[in-house]
Structure formats: structure tokens, C-alpha cells
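User: I have not seen this one before. Can you walk me through the structure?
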Amino acid sequence: QVQLVESGGGLVQPGGSLRLSCAASGRIFSIYVMGWYRQALGKQRELVASITSGGSTNYGDSVKGRFTIFRDNAKNTVYLQMNSLKTEDTAVYYCKIGYTDYARNPLDAWGQGTLVTVSA
């Protein structure tokens with residue numbers, strides 16, 4: 001139905017940067033919100049950042065000032081630029097979209113997750 005393909009995770013040293021991307025495809029009429037969540041080992045999944053189709057953004061307190069979310073509506077792609085990474089940013093990062101299908105039903109979809117490891 002809907003596929004979310006994430007990329008950009010990996011190993012980075014503290015203070016370094018990474019950029020994640022998530023491309024959505026399939027039976028999508030419109031995407032009204034795109035976001036990134038993360039789940040560290042032994043912890044609950046938490047919101048990292050989200051962005052609406054109009055460009056309004058929301059960030060988790062722990063990443064404000066370090067991470068930037070942006071999207072390309074024409075490509076149904078959302079990006080997460082992560083700077084000044086800390087060891088506590090280590091987690092599996094998941095892309096999530098809120099969208100409507102061709103029947104105008106509001107639905108959610110999750111990506112498979114990409115691992116970000118911040119370590120010296």
C-alpha cells in the first residue's frame with residue numbers, strides 16, 4: 001500500500017553530523033505531516049521532530065537547536081539533519097507519515113527504522 005524507505009543512518013563520533021532521509025510512495029493522495037521518532041534500547045519511542053505540509057515544525061526538547069527537519073513535498077520525502085550529535089542520540093530512528101489515501105481516509109505509516117550510533 002504505502003512504502004517508506006529510510007536511509008542515512010550509521011556510526012558517527014560525538015559532535016559529528018548525519019542526515020536521514022525518508023521517501024514515501026504508494027497509494028497516497030496527500031501527506032499532511034511527516035516526522036521522525038526514535039527508540040533507544042530499553043526506552044520508549046519518542047518524537048524527535050515533525051513537519052506539516054505547510055512547513056510548521058515541532059521538535060523534541062532534547063534535540064532543539066541541533067536537529068533540523070525539512071521536506072520536499074514534490075518528492076514526498078522528509079529529511080532530518082542532525083548536528084552536534086551526542087552519545088544519548090544513539091537509537092533506532094523511525095520515519096512516520098500522516099496521510100490520506102485516494103478515498104480520503106486518514107492513515108498513518110511507519111518506516112522500518114534506521115540505526116544511528118554515536119560513539120567514539
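**Overall layout**

Analyst: Along the sequence the pattern reads β-β-β-β-β-β-β-β-β-β-β, where each strand is a DSSP run of E with at least two residues, numbered from the N terminus. The radius of gyration, taken over C-alpha atoms, is 14 Å, close to the 14 Å that the globule rule gives for 120 residues, so the protein is as compact as a globular protein of that length. That rule is 2.2 Å times the number of residues to the power 0.38.

Analyst: This is a predicted model, with local features needing pLDDT of at least 70 and side-chain atom pairs pLDDT 80 or more, while totals for chains, interfaces and linings use all residues. Residues are numbered from 1 along each chain as its sequence is written, and side-chain values use heavy atoms, without hydrogens and water.

User: How many helices and strands?
Analyst: Zero helices and 11 strands.

User: What does the C-alpha trace span along its principal axes?
Analyst: About 50 × 25 × 25 Å.

User: What share of the residues is buried?
Analyst: 42% of the 120 residues are buried, meaning under 20% relative accessible area with a 1.4 Å probe, protein chains only.

User: Switching to strands: how do β9 and β10 run?
Analyst: β9 (residues 91-100) and β10 (residues 106-110) run antiparallel, joined by five bridges; two strands pair if DSSP finds at least two bridges between them. They form a hairpin with five residues between them.

User: Which residue in β10 is the bridge partner of I97?
Analyst: A109.

User: And what about R104 in the turn?
Analyst: R104 has a positive phi of about 70°.

Note on methods
Helix = DSSP H or I, 4+ residues; strand = E, 2+ residues; numbered from the N terminus. Buried < 20%, exposed > 50% of the residue type's maximum accessible area, 1.4 Å probe, protein only.
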